[in-house]
Amino acid sequence: MFGLFKKKDIDPEMHVFERWQTNFGMLKKKRFQDEEGQGYASYRKNKAYWIELSRKNVFAWVINNYFKYSDFVITSELMFDENNGHSAVGFVFRYINNENFYTFLIAKNGTYRFDVLFNGNPVHLIEWTESPFIKEGSNELMIVARGPHFSFYVDNEWIAELQDDTLDMGKFGFAVQNYSQHENALFKINNVGIDARSLEVEKAYYRWNNYVPVDAEQRITYAKTLFAMGNYQAAAVQLKKAFKHRSPTADEFFLFAECLLNLELYPDALEQIKQCLTLNPKHNQARLEKANLLYMLNRFIQARDYIKTIIHDYADNAMLFNILGNCENSLGNFHNAYAHYKKAYELDPDIPLFYMNAARSAEKIKKKKEALELYIKAARLFFTEENYQDLSILVPRIVALDAGNREVMSIQAKMLYHEGKTDQARALFVSLIGDGYKDSTIYFLFSLILIDEGNREQAYDYLKMATELEPKYPLYWFRLAETEYLLERDPGKALKQAYELDQNDVWINNLYGLYYSEKNKLNQAAEYLNKAYTMAPKEIDIVINLSDVLYRQGKIKKAYEFVDKLLNDTGEEARLVNHKANLLAREGKHEQAARFYERALAMEPENNIYMENCAAACIEADQITRANELLVKLVDSAPSASVYNKLGNVALIRGEYKRAELCYTEGLALEPDNIEIKINLSALYQDRLDYTKSKQLLQQVLKIDKKSKKAQKLLKRLRDKFELKLLCSGCNREWWAPREIETQEALKLYGEPPHESPAGKCNACGKIYCIECALKNMKQKRFICPDCDEYLKLSDNHLRYLVMQYVSEVN
């Protein structure tokens, strides 16, 4: 019977059409929870909802976790604390997740803005715009959302409206921002209400958008923002609405004309310019725009004649002379056009368009030499601006005039390189360099092609030449230093030169940090990497490098903080997650490391580095089955010595000794001098009582690295288990021979064995001597014991074995 009164489950993801409001009283349902995070906290207190920010430059939001809304009217009384510095408060709405939502904010300084975050990419829909209705204290903010249409009101006064269809549904909440003026910011929310009932939203939409009066000055201020953002259509709409309620000024007519011009509505734009000039005949911008519009409308005679009436007032205006040249060119007056274009580039020598227009006119009046020079000047400027679209139009024209011109070939090669046609560019670079053409860019770009081809060693010479031809260009020095660093040469000199030329380049500072990190000068490394981080806090490589140095400095907590901050700011990024796993593995937290490696692999399942890292962590965390699975996959996709070594270790743990031996052997086939694999295989042979193979591998290791502690430890274990120690009674020289050896034949030695070889044993006292010590005591050219005067003999089986080893080495 009690089942009749069972509480119905609520789906918080449900799309609802409700009316809900709260004043945050104690008896009201808590749809907004108390929260606390890095730099922010939110809580209910004294019939209000409060949000505190405790750091500069913090943006935070709090979401009502119940229900999704599409169309709605939201209202709330929002208050800035009187002690706040520059700060903002408002709504987050149509919230889907942390990477998809709208925000509308009003700031304490009397401005507002509207943004959408879509798939983690922020888009500014309305930049900061002034409004006289936003006050420093309390403001009642209202948003009416109907489909893609949004309108915004403060204290029942319209401040903005916009259409955007990026997101159509989601949850809502509050958004707050503290900027750099004060450390802390506090916001009080006295109430909030949302009405998502379809009929009520429709009524509100028509009432507020069609019947409630709107301040014309606010519309015009808003239109200026839209125009500055390049939203010309929306700006024009706002201006037209404002002009219904009052007559526009000359400047406002001009702004409207500029909107229409950008919308390519040239006749309408010209009409607005005429209206502007009626009010202010001396409006400079309008006079110039009239000339431009007449030309755009192909009224060439009218445009030319009009420009001639005003040109005396604009004798230093290069663009006006260019338009006059365009008019004369269109009318077939090429000599006049050439003269006007020439005047234009003389007034403003940094505009490539003027040279290009002049060159075209020069061609038409048969001035081929002048045309070529002008085209080349235009091409240089287009290349400097990285305007490859116009350059691609220009180059064929230059080639047609002088195909063998080295500068023309140089420009063509550069353009081909930047179009990605590296094979064609390469051929031209080789020809130019072979002819001794001295252009630093040619050498630099050719070096980049060589680097892409994997020939960094050869690229180094061309980078060096580039720095010699243009020693004041920091990029050349940086790439030279980077190449030296990657070739394991000392990049110090080149790096110093790059830094002196540009101390605020992010990547120069990053490379300096790596340079000092390699030298284990961690304080200097941290200094440069911190500087790089300050300039580019979201660059993954810089964060990884800085985090690594901090860890090595013992600042482990701080090392994690930098990584976690970027992960929070940008979301999951495989390289960053892998680096965090590396830090955990270095700390010995192998289970945690394995989990993070798995996260990195989930993002990039075929990444061989992450796969091998994960396998290594799994071995340490005793997750042997998973390690085996990953390593077997790697053997198929990217076999390497380290992969075979780890797979051998896994096989050893599982007691699969034959498989382990096979894996180690395969690893050594790929890297014959791999010390770690040799040691592992030697240990395996020891465990399987294969003395000879174990000893041979250890001798090979110690030949490569005499100080290898692992090899020395393993050798001691081998000797304790398998060998007999013999000592020279004269100098305490040590020899080690296998305990169990076959009977050695009687020796017949020819030549002189090495002095460190055993000379023999005294049968009377049992003492053994090396040849070096025995040479001091001889009788009848035979070695004798200094104590007993008896001959030393090689009758001992172990001594014979040792002598034969020395003799075989000599022979």
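This is a predicted model: local features need pLDDT of at least 70, side-chain atom pairs count only at pLDDT 80 or more; totals for chains, interfaces and linings use all residues.

Trainee: How far apart are the end C-alpha atoms of helix α22?

Mentor: They are 22 Å apart, which agrees with the 21 Å that the 15 residues of α22 (residues 556-570) should span at 1.5 Å a residue. The expected span is 1.5 Å times one less than the number of residues. Helices (H or I, at least four residues) and strands (E, at least two) are DSSP runs, numbered from the N terminus.

Trainee: Which residues of α22 are buried?

Mentor: They are Ala 559, Tyr 560, Phe 562, Val 563, Leu 566 and Leu 567. Buried means under 20% relative accessible area, exposed over 50%, and partly exposed in between (1.4 Å probe, protein chains only).

Trainee: And where do they sit around the axis of α22?

Mentor: Seen down the axis, the buried residues of α22 fall within an arc of 155°, so they line one face of the helix. The arc is that of the directions from the helix axis to the C-beta atoms. An α-helix has 3.6 residues a turn, so residues three or four places apart point the same way.

Trainee: What covers that buried side, and what is on the face turned away?

Mentor: The cover of the buried residues includes α20 (522-535), α21 (540-552) and α23 (574-586). On the face of α22 turned away from its buried side are the exposed residues Lys 557 and Asn 568.

Trainee: Changing topic, how many salt bridges are there?

Mentor: A search of the whole structure finds 46. A salt bridge is a side-chain nitrogen of Lys or Arg within 4 Å of a carboxyl oxygen of Asp or Glu.

Trainee: Which residue does Arg 113 pair with?

Mentor: Arg 113 forms a salt bridge with Glu 127, and their closest N and O atoms are 3.9 Å apart. This pair links distant parts of the chain, with Arg 113 in strand β9 (residues 111-118) and Glu 127 in strand β10 (residues 121-130), 14 residues apart. Arg 113 counts as buried at 13% relative accessibility, whereas Glu 127 is partly exposed at 30%.

Trainee: What about Arg 688 and Glu 661?

Mentor: Their side chains meet in a salt bridge, 2.8 Å from N to O. Arg 688 is in the loop between α29 (675-687) and α30 (691-704), and Glu 661 is in helix α28 (residues 657-670), 27 residues apart. Arg 688 is partly exposed at 35% relative accessibility, and Glu 661 is buried at 15%.

Trainee: Now the cysteines: how many disulfides are there?

Mentor: The count comes to 0 disulfides, a disulfide being a pair of cysteine sulfur atoms within 2.5 Å. Cys 728 is in no disulfide, and the nearest cysteine sulfur, that of Cys 731, is 3.6 Å away.

Trainee: Is Cys 728 buried or exposed?

Mentor: Cys 728 is buried, with a relative accessible area of 0%.

Trainee: Where does Cys 663 lie, and what is it in contact with?

Mentor: Cys 663 lies in helix α28 and counts as buried at 6% relative accessibility. Leaving aside neighbours within four places in sequence, Cys 663 is in contact (heavy atoms within 4.5 Å) with Tyr 644, Leu 647 and Gly 648.

Note on methods
Residues are numbered from 1 along each chain as its sequence is written. Side-chain values use heavy atoms; hydrogens and water are left out.
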